[in-house]
Amino acid sequence: MSYRTFEDVKEVILSAHKNTEAGDKVGFYNTWAENYDQDVGLLDYRAPSLAANCLSPCFHGDRVTAVILDVACGTGLVAAQLKRMGFRHFVGVDGSKGMLELANKTGLYQDLKQCMLGDEPLPVQAGQFDVVVIVGALSDGQVPVRVIRELCQATRPGGYVCMTTRGNHDNLEYKAALERELELMEGAGLWGHVAITEVEEWEKAVAEPEKGYIPGVVTCTCCRASPLRS
């Protein structure tokens, strides 16, 4: 791992925006994996801790036995936060082999699966998990909005889905589409909102003309039923 600066991180993240094909994105994350934890630290990326802090007071079950699906798990930052809160059983899914290799080294996960979200079905059984989390991947050019129905399907009735998205200018269209899908699913009786946390200082801005920090939002829902795959 080499010494990095915030300017290095900006260059890396802005280069990711140029990768539109799935294979290019996987290659980007495979290359970034080695420096990922250091770089998001420089970015002051708060989503993993914010998501864990939103989920924790909502969950009233047995944390020691609860099984958590960490979707787009990366190197394991969210699982590490949740372990500090008493959760012990994690299954991780990510499209990047490089990220999964680092996640495996943490010793946090009982199972890890490689999957290109949106291009391939989520490789888990329906109704299997007490909690499903997806942090950092629900954004423009990353995971399509329709994937949240698969997250609900993977969650047992009465279980929770915790998700995050950015609120900066470049992601507003995606954020609005996500909110519409959440409302449709709530209207269909698939889940209900439990907690929504809006945060002004989500992570440091990297794209012009944004300055300082960009905003973001954490949404926790309680699943009532599992939608069938189309």
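Me: Which residues of α3 and α4 meet?

Reply: Contact here means heavy atoms within 4.5 Å, and by that rule Pro48, Ser49, Ala52 and Leu55 in α3 meet Leu77, Val78, Gln81 and Leu82 in α4. Helices (H or I, at least four residues) and strands (E, at least two) are DSSP runs, numbered from the N terminus. The model is predicted, so local features need pLDDT of at least 70 and side-chain atom pairs count only at pLDDT 80 or more, while totals for chains, interfaces and linings use all residues. Residues are numbered from 1 along each chain as its sequence is written, and side-chain values use heavy atoms, with hydrogens and water left out.

Me: How many residues of the contact of α3 with α4 are nonpolar, polar or charged?

Reply: Ala, Val, Leu, Ile, Met, Phe, Trp, Tyr, Cys and Pro count as nonpolar, Asp, Glu, Lys and Arg as charged, and the others, Gly among them, as polar. In the contact of α3 with α4, six residues are nonpolar, two are polar and none is charged.

Me: What is the angle between α3 and α4?

Reply: Axes are lines fitted to C-alpha atoms, for helices over the stretch in contact, and angles run from 0 to 180 degrees between N-to-C directions. For α3 and α4 the angle is about 40°, and the axes are 9 Å apart. That makes α3 oblique to α4, because angles under 35 degrees count as roughly parallel, over 145 as roughly antiparallel, 65 to 115 as roughly perpendicular and the rest as oblique.

Me: How do α1 and α2 pack?

Reply: Helix α1 (residues 6-16) and α2 pack at an angle of about 150°, with axes 10 Å apart, and that makes α1 roughly antiparallel to α2. On the α1 side the contact is made by Phe6, Val9, Val12, Ile13, Ser15 and Ala16, and on the α2 side by Lys25, Phe28, Trp32, Asp39 and Leu42. By class, this contact of α1 with α2 has eight nonpolar, one polar and two charged residues.

Me: Which residues touch the most other members of the largest nonpolar core?

Reply: In soluble globular proteins, nonpolar side chains tend to be buried together. A nonpolar core is a set of buried Ala, Val, Leu, Ile, Met, Phe, Trp, Tyr and Cys residues joined through side-chain atoms within 4.5 Å, where buried means under 20% relative accessible area, exposed over 50%, and partly exposed in between (1.4 Å probe, protein chains only). The largest core here has 45 residues, and Tyr45, Leu55, Leu82, Val133 and Trp202 touch the most other members. Helix α3 (residues 47-55) gives the largest share of this core, six residues. Apart from it lies another core, of 29 residues, including Val93 and Ile148.

Me: Why is α6 described as largely enclosed?

Reply: Seven of the eight residues of helix α6 (residues 147-154) are buried, so the rest of the structure largely encloses this helix. Among the elements that cover its buried residues are β5 (155-166) and α7 (172-187).

Me: Do Glu181 and Gly136 count as buried or partly exposed?

Reply: Glu181, found in helix α7, has 15% relative accessibility and counts as buried. Leaving aside neighbours within four places in sequence, Glu181 is in contact with Val145, Ile148 and Arg149. Gly136, in the loop between β4 and α6, counts as partly exposed at 39% relative accessibility.
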